[in-house]
There are 2 protein chains.
Amino acid sequence: MYVTIPTVTAAQSAFTPLATTLPQTAEARLKPGAYLYYEGDDVEWLYQVTSGVLRLTRLLADGRRQVIAFGYPGDIVGFPSADIHHTDCEALTEVRLQPFRRSALESGEGDPKLHNALLQAALREISGMQDHFMMLGRKSASEKLASFLCVLTERVGVDLGAYRSVTLPMSRSDIADFLGLTTETVSRTFTQLRKSKIIAIDNIHTIIVQRPTALLGLSLGDRD
Amino acid sequence: MYVTIPTVTAAQSAFTPLATTLPQTAEARLKPGAYLYYEGDDVEWLYQVTSGVLRLTRLLADGRRQVIAFGYPGDIVGFPSADIHHTDCEALTEVRLQPFRRSALESGEGDPKLHNALLQAALREISGMQDHFMMLGRKSASEKLASFLCVLTERVGVDLGAYRSVTLPMSRSDIADFLGLTTETVSRTFTQLRKSKIIAIDNIHTIIVQRPTALLGLSLGDRD
DNA sequence: GTAGCTCTGTTACAAATTGATACAAAAACC
DNA sequence: GGTTTTTGTATCAATTTGTAACAGAGCTAC
């Protein structure tokens with residue numbers, strides 16, 4: 001899951017199971033904190049998230065960390081490069097996954113439809129990452145956090161009548177490492193959004209969006 | 001072309017023409033300033049850069065710009081998502097290109113080897129972009145510019161005996177928009193590198209790397 | 001060729017944003 | 001329930017940006 005232009009991203013990423021005519025491999029399950037794979041591991045499987053949330057990270061030698069993506073239902077994770085994984089992948093919640101053999105992407109023998117679905121997912125991944133470049137390189141702290149909350153709200157938010165609620169299973173430092181900020185800046189920006197009554201913080205992992213239009217405006221760069 | 005860990009990136013990206021048993025489509029040529037495609041165009045072709053340099057950009061509604069990548073010899077550009085291009089692509093120099101029909105990537109009929117080569121290029125693209133996330137999100141201005149110069153030096157630098165020279169066909173603002181900085185910061189950082197005798201600036205588009213090891217150190221986060 | 005113009009790049013200084021540090025409060029974990 | 005970890009907030013510092021002035025390269029017209 002990547003973030004820049006909330007409405008566009010949200011629309012295309014609804015959960016659709018990948019089409020295949022073959023019998024599916026049995027579903028995999030992960031408990032919170034469990035790792036699906038590590039950077040450097042050989043790639044044997046790709047996975048489509050069925051339920052729950054994954055976190056993909058990369059580390060620099062000096063300990064700096066970048067969260068590459070969060071894996072939400074419908075997302076495909078585990079694309080190989082030179083046969084190996086290039087991120088760590090950890091479950092943030094209970095996660096259910098549909099595994100696909102790497103050969104389903106790379107050889108296409110057996111099931112051309114599945115092959116094409118995985119290829120299209122890889123191409124969508126490239127486009128989504130390009131969006132995220134814009135976010136990391138050119139957006140301010142408040143634009144970044146507003147974009148993040150907008151996309152999550154549209155994609156996995158719950159309708160509460162007047163408002164909308166969204167659950168954030170990740171920590172503040174996960175959000176910071178995803179958006180290229182420090183945890184303090186994330187915290188400060190949450191507080192600003194709360195004080196301007198755009199959001200309410202029900203508890204640390206539950207945000208109520210009170211003024212979605214204002215949040216969208218902020219994400220697009222309207223001045224506070 | 002993406003940038004984070006100089007040595008790794010440089011090694012894998014030497015120019016290798018994609019293997020195909022079919023007759024090749026005639027080479028395409030672009031003059032400096034010519035556009036290969038625009039954001040929103042239908043994708044009919046992918047291209048491998050044979051010689052010259054391309055610049056891929058995305059724009060935000062308010063005019064902010066992100067340079068997504070520079071296309072150097074060996075790079076594949078034009079991966080579609082939802083059938084359309086998601087960046088503008090302009091030639092910075094005279095460019096020669098080998099076109100491949102989009103169907104060579106997507107259907108694979110005709111030439112399985114070419115299909116696989118294009119797929120592997122797409123997967124390398126994903127990994128390269130993940131590297132670049134780290135750069136945009138977690139590196140300082142001097143680390144960014146040092147990384148950029150390191151990668152370019154290794155990939156397209158010219159050996160001058162003791163030193164190494166590299167040509168930068170792009171403008172300072174292109175570099176800024178690639179690294180998520182302002183042109184002033186890029187300019188100031190060039191000056192710092194010059195004053196500390198790590199590089200010399202022969203002319204605006206030609207850099208001499210005098211102390212490659214110091215440059216590599218800077219790119220990895222060693223304190224000035 | 002060259003005078004004048006435009007665009008790009010450099011530099012200095014002020015301002016703003018973000019980051020670092022410290023500590024209190026809240027939450028999560030045994 | 002006590003300990004550890006995470007989060008929030010404040011203050012201060014550092015980095016980066018914004019502004020502005022100027023230098024210089026390249027282009028055009030003459």
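Trainee: How many residues of chain B are in contact with residues of chain A?

Mentor: Please bear in mind that this model is predicted. In general, the size of an interface is often given as the accessible area lost when the parts come together. Here we count residues instead: 31 residues of chain B are in contact with 32 residues of chain A.

Trainee: Which elements of chain B supply the side that touches chain A?

Mentor: β5 and α3 (112-138) of chain B each supply at least two residues of that side. The largest share, 14 residues, comes from α3(B). By class, the side of chain B that touches chain A has 14 nonpolar, 10 polar and 7 charged residues.

Trainee: What rotation superposes chain B on chain A?

Mentor: A rotation of 180° does so, with 0.0 Å of shift along its axis and an RMSD of 0.0 Å. This is the relation of a two-fold axis. The copies meet through the same surface, because 100% of the interface residues of chain B are also interface residues in chain A.

Trainee: Is helix α5 of chain B mostly covered or mostly uncovered?

Mentor: An α-helix has 3.6 residues a turn, so residues three or four places apart point the same way. Helix α5(B), residues 172-179, is mostly covered, with 6 of its 8 residues buried. These are B:Asp174, B:Ile175, B:Ala176, B:Asp177, B:Phe178 and B:Leu179.

Trainee: Which elements do the buried residues of α5(B) pack against?

Mentor: They pack against β4 (54-59), β5 (65-71), α4 (141-156) and α6 (183-195) of chain B. Just after α5(B), B:Gly180 takes a positive phi of about 75°.

Definitions and conventions:
Residues are numbered from 1 along each chain as its sequence is written. Chains are lettered from A and ligands numbered from 1 in the order in which they are written. This is a predicted model: local features need pLDDT of at least 70, side-chain atom pairs count only at pLDDT 80 or more; totals for chains, interfaces and linings use all residues. A residue is buried if 20 or more other C-beta atoms lie within 10 Å of its own, exposed if 12 or fewer, and partly exposed in between; C-beta atoms are placed from the backbone. Helices (H or I, at least four residues) and strands (E, at least two) are DSSP runs, numbered from the N terminus. Two residues are in contact if their C-beta atoms, placed from the backbone, lie within 7 Å. Copies are superposed by least squares on the C-alpha atoms of residues with pLDDT of at least 70 in both. Ala, Val, Leu, Ile, Met, Phe, Trp, Tyr, Cys and Pro count as nonpolar, Asp, Glu, Lys and Arg as charged, and the others, Gly among them, as polar.
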